[in-house]
Amino acid sequence: MSNSGLFSPFQKDGTLSVRNRIVMSAMTRNFADQNHQATDQIKEYYRKRAEGGVGLILTEGVVIHPSADGYNNVPHIATKEQADSWSPVIDAVHAHGAKIACQLWHCGRISHSDYTGGLPPVSSTNVAAAGINRQNNKPFGQPVALDAAGIEQVYQYFEIAARNALAVGFDAIQLHCANGYLPDQFLDSRVNDRKDQYGGSVENRCRFTLELLERILAIAPSEKVIVRISPSRFMGEIYDWPDMEEMINYLLPAMWKLGLRNLDICCANANYFDTSARVVKLARPLWPGLLIAGASLTKPQAEQILADGDVDLITWGRMFISNPNFAEILRTDAEAVPFVYEMVKELI
Ligand SMILES: Cc1cc2nc3c(=O)[nH]c(=O)nc-3n(C[C@H](O)[C@H](O)[C@H](O)COP(=O)(O)O)c2cc1C
């Protein structure tokens with residue numbers, strides 16, 4: 001089979017350039033040390049994926065500030081020391097010719113005061129997320145809706161984290177605006193119940209993400225900024241933003257106008273064709289820049305999507321947990337080890 005698609009390099013004006021079209025998707029692994037720093041074991045984990053030939057690694061979610069956390073043992077990038085712990089990881093990935101982007105993460109209400117230093121989690125709303133937080137087996141915490149000063153504070157935490165990530169040598173930062181975390185809590189009309197300029201209309205619900213992006217693009221060049229959104233995704237069942245088409249038609253041109261060039265559309269653990277594929281069809285005509293998407297695609301499916309011009313880079317998540325050399329497996333058509341959930345307990 002020809003490898004012209006997946007194994008061709010990518011570059012467009014103002015975008016990230018990548019040696020091939022294969023991306024390791026962001027995946028939380030809960031193996032950071034007690035100071036929320038990357039370890040030798042984490043370095044080895046990412047190094048092996050780079051050695052296997054992946055083009056771009058999106059790190060696990062890296063928390064921008066202690067008040068933004070919601071998970072056990074996840075890395076932070078609020079301080080220089082925390083950022084510096086990634087330096088050996090970045091060097092190891094670069095030594096194998098791959099790129100690595102740091103996913104900047106604010107959990108918002110998908111948290112609990114157990115994780116935020118005793119403070120209530122913050123959100124667009126003061127309504128708690130439904131269900132049990134599997135991290136501590138308690139209900140999600142009662143959030144406080146951010147006021148104007150609180151929103152400004154969050155932007156500043158993102159700016160500090162972005163500066164830290166760029167200073168230590170990450171090739172890019174990814175703003176995690178997907179999967180029900182803080183920016184998505186503003187975007188999603190089923191969560192955002194605000195009556196101010198950050199809630200209600202499509203324009204108002206996009207304001208938080210757009211203001212945040214504008215602040216980040218003021219300190220980082222366009223090729224180094226990626227935004228991840230998930231307008232259609234898995235959440236117990238398939239879940240779409242209620243006004244998905246209207247949102248995409250407003251949000252994407254607005255992000256483009258601000259100077260964003262790298263966009264990642266994800267769908268959590270859903271079937272790609274039921275979710276992101278529908279979003280990509282709406283997004284592609286609005287997005288001449290770098291478009292990233294995927295979820296457990298077969299190689300022929302990925303090649304077809306690239307050939308159709310629907311997306312530029314393809315993400316795989318779980319296959320990279322079960323196969324450190326997954327890019328090599330794609331290249332050689334070797335048999336992949338299937339992912340089973342038990343595998344998340346170990347970092348191989
Ligand atoms: C264990 C695990 C952890 C994940 N953590 C994150 C995360 O930190 N940030 C994120 O944006 N997506 C996260 N995801 C979603 C993946 O990036 C990806 O979108 C999803 O697994 C679908 O791709 P796949 O079908 O190829 O696995 C996670 C998925 C898994 C399985």
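Helices (H or I, at least four residues) and strands (E, at least two) are DSSP runs, numbered from the N terminus.

**Figure 1. Overall fold of the predicted model.** The protein has 11 helices and 14 strands. Its radius of gyration is 19 Å, close to the 20 Å from the globule rule for 348 residues, so the protein is as compact as a globular protein of that length. The C-alpha trace spans about 55 × 45 × 35 Å along the principal axes. Buried residues account for 49% of the 348 residues. Of the contacts between residues at least 6 apart in sequence, 69% join residues at least 24 apart.

**Figure 2. Shell around the ligand.** There are 21 residues around the ligand, and Ser25, Gly61, Ser296, Gly317 and Arg318 come nearest. Two elements, β2 (56-63) and α10 (318-322), each give two or more residues to this shell. By class, the shell holds nine nonpolar, nine polar and three charged residues.

**Figure 3. The two sides of helix α9 (residues 299-307).** Ala302, Glu303 and Ile305 are buried. These residues lie on the same side of α9 because they cover an arc of only 165° around the axis. On the other side of α9, Pro300 and Ala307 are exposed.

**Figure 4. Packing of α9 and the residue after the helix.** The buried residues of α9 pack against β14 (313-316). Gly309 follows α9 and has a positive phi, near 80°.

Definitions and conventions:
Residues numbered from 1 in each chain as written. Predicted model: local features only at pLDDT ≥ 70, side-chain atom pairs only at ≥ 80, totals over all residues. Near = placed C-beta within 6 Å. Nonpolar A, V, L, I, M, F, W, Y, C, P; charged D, E, K, R; others polar. Buried ≥ 20, exposed ≤ 12 C-beta atoms within 10 Å, placed from the backbone. Arc of directions from axis to C-beta. Contact = placed C-beta atoms within 7 Å. Rg over C-alpha atoms; globule rule 2.2 N^0.38 Å.
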